Amino acid sequence: MSSKQLAQDDFERAYRRGFWRKLSSWLTGERNELLPFDAVKDRLPLRGQHYIGIKQVPIEQIVGSMGRYRDFDRAFLPRQVRTRGRWVSIDSAHHEEIILPPVELYKMGEVYFVRDGNHRVSVAREQGQEFVDADVIEIEVSVPLTADIQIDDLDLKAEYAAFLEETNLDNIRPGVTIELTLCGEYERLLEHISVHRWYLGEGRGAEVPFEEAAASWYDNVYSPLVELIVEQQLLENFPGRSEADLYLWIIEYEWFVREAYRNEFSFQVVSRQFRERFTDSPSRKLVNILKKSVWVNNLILEQERQEFEARTQLTELRPESQVRLTTSGLYNKLLEHIDVHRWYLGEQKEREILFSEAVLSWYDNFYLPFVELIREHNILEEFPGRTESDLYVWILEHQRYLERTYEVDIPVEVAIDHFTEEKGDETSKKSGKSLSEKQNNNLV
């Protein structure tokens, strides 16, 4: 059999394997695509690049491509028949033992992206090679990238990179690893550092540089608690989570205990009690508390709700009211809405408005009509687990964003339509109508 016929058979086999991998990824939900180089480069801050030279690179660590990421899957199996000609030509050369030039790769962290030579990598992998000769340029990034990285991980990696950029911890504490598994959590670590910085400044009577505060926080707050987590082997009870995750959960729990019992115990007593519960044997009760960090968040949320009701007396003024939020911090936004509404009422009526009067007016004339619109549009169906109150806050915020962006007044109905399209189904990116078209239709 000729080398070309062998290569044709190899391509058919590789293409069939690619099909079955695609089907398996559909059934299991596992990601199977190569990473687009530009998507990684654009999301992570780059610290420069340098030429490494020719080296042997493990094919398993080649996870992306500059321009051909749609033509091959994560195992570099062909996904489209249009690659056949080039693929067969290279595979024929392989069967004829013709030496081909090295592929060209970019290196980031521990992974590689193909600049030139996607078909050569695909053929080499199909032929069972573990390494490929490559001409490598390394791009320096601040966060670790390993061969299991997926496109969904990039936002989290970008947040980690921004955290290191702001704290400079990877330079002042070389080898530092603070990896979280949930987006949005690095902001909370920065808040911890800011609070620690304030306490340091109070103790010294002078302002403390942020980098110095970050180093002090890492040495005296974060690391000791992480050492405790490691000693107690708590991570064994939280598969898929990290030491940094548990650090945040424990700190949140400590905060909740102090808030819940502030009238009965001093901070020192609560802290000592908290440490004792962790430094002894890791009790099952404690493990369950940490496993259910949502439970802690719900308790915090419940406290915020009670404070809102105590401030507004809404359940007494309107017993049928059901203002319930699912995200911490939003009750304060409702109070801001009431304060703004109170100011406008005072301007309109030319007198001082009692807070209770403003609460009733806001609820009857603003909140309820808005909620009726939410119900008419059946928006809640697109946001399982959320409430009408959540959507009220989010849509109003979205309306203000649109008005700032387009510098025109945006009707509520247009904001609702735009919000549900943009937030309710971002992945499908509905074609829909443009904002201006929807606005014109709503105004007709």
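Helix 15 (residues 355-376) and helix 16 (residues 388-406) pack at an angle of about 95 degrees, and their axes lie 10 Å apart. Helices (H or I, at least four residues) and strands (E, at least two) are DSSP runs, numbered from the N terminus. Axes are lines fitted to C-alpha atoms, for helices over the stretch in contact, and angles run from 0 to 180 degrees between N-to-C directions. Helix 15 and helix 16 are therefore roughly perpendicular to each other. Angles of 65 to 115 degrees count as roughly perpendicular, under 35 as roughly parallel, over 145 as roughly antiparallel and the rest as oblique. On the helix 15 side, the meeting residues include Trp 362, Phe 366, Tyr 367 and Phe 370. Helix 16 contributes, among them, Leu 391, Tyr 392, Ile 395 and Leu 396. Contact here means heavy atoms within 4.5 Å.

The model is predicted; local features need pLDDT of at least 70, side-chain atom pairs count only at pLDDT 80 or more, and totals for chains, interfaces and linings use all residues. Residues are numbered from 1 along each chain as its sequence is written, and side-chain values use heavy atoms, with hydrogens and water left out. The predictor's confidence in each residue, pLDDT, runs from 0 to 100. Its mean over the protein chain is 83, and 84% of the residues reach 70 or more. Over residues 261-275, pLDDT stays under 50, and the model has eleven contacts beyond four places in sequence for them. Over residues 425-444, pLDDT also stays under 50, with 25 contacts beyond four places in sequence. Where pLDDT is low, the predicted coordinates should not be read in detail.

Helix 5 (residues 154-167) and helix 8 (residues 210-231) pack at about 115 degrees, with axes 8 Å apart. They are therefore roughly perpendicular to each other. Phe 163, Glu 166 and Thr 167 of helix 5 meet Phe 210, Glu 211, Ala 214 and Trp 217 of helix 8.

Two strands pair if DSSP finds at least two bridges between them. Strand 4 (residues 103-108) and strand 6 (residues 131-141) pair in the parallel sense over six bridges. Met 108 has Ile 139 of strand 6 as its bridge partner.

Helix 12 (residues 293-312) holds Leu 301 and Phe 308. Leu 301 is buried, with a relative accessible area of 10%. Phe 308 is buried at 2%. Buried means under 20% relative accessible area, exposed over 50%, and partly exposed in between (1.4 Å probe, protein chains only). Leaving aside neighbours within four places in sequence, Leu 301 contacts Leu 325, Thr 326, Thr 327, Ser 328 and Tyr 331. The C-alpha atoms of Leu 301 and Thr 326 are separated by 7.3 Å, though the residues are 25 apart along the chain. With the residues up to four places away not counted, Phe 308 touches Leu 314, Val 323, Tyr 331, Leu 334, Leu 335 and Ile 338.

Helix 14 (residues 330-349) has buried residues including Tyr 331, Leu 334, Leu 335 and Ile 338. Glu 350 follows helix 14 and has a positive phi, near 55 degrees.
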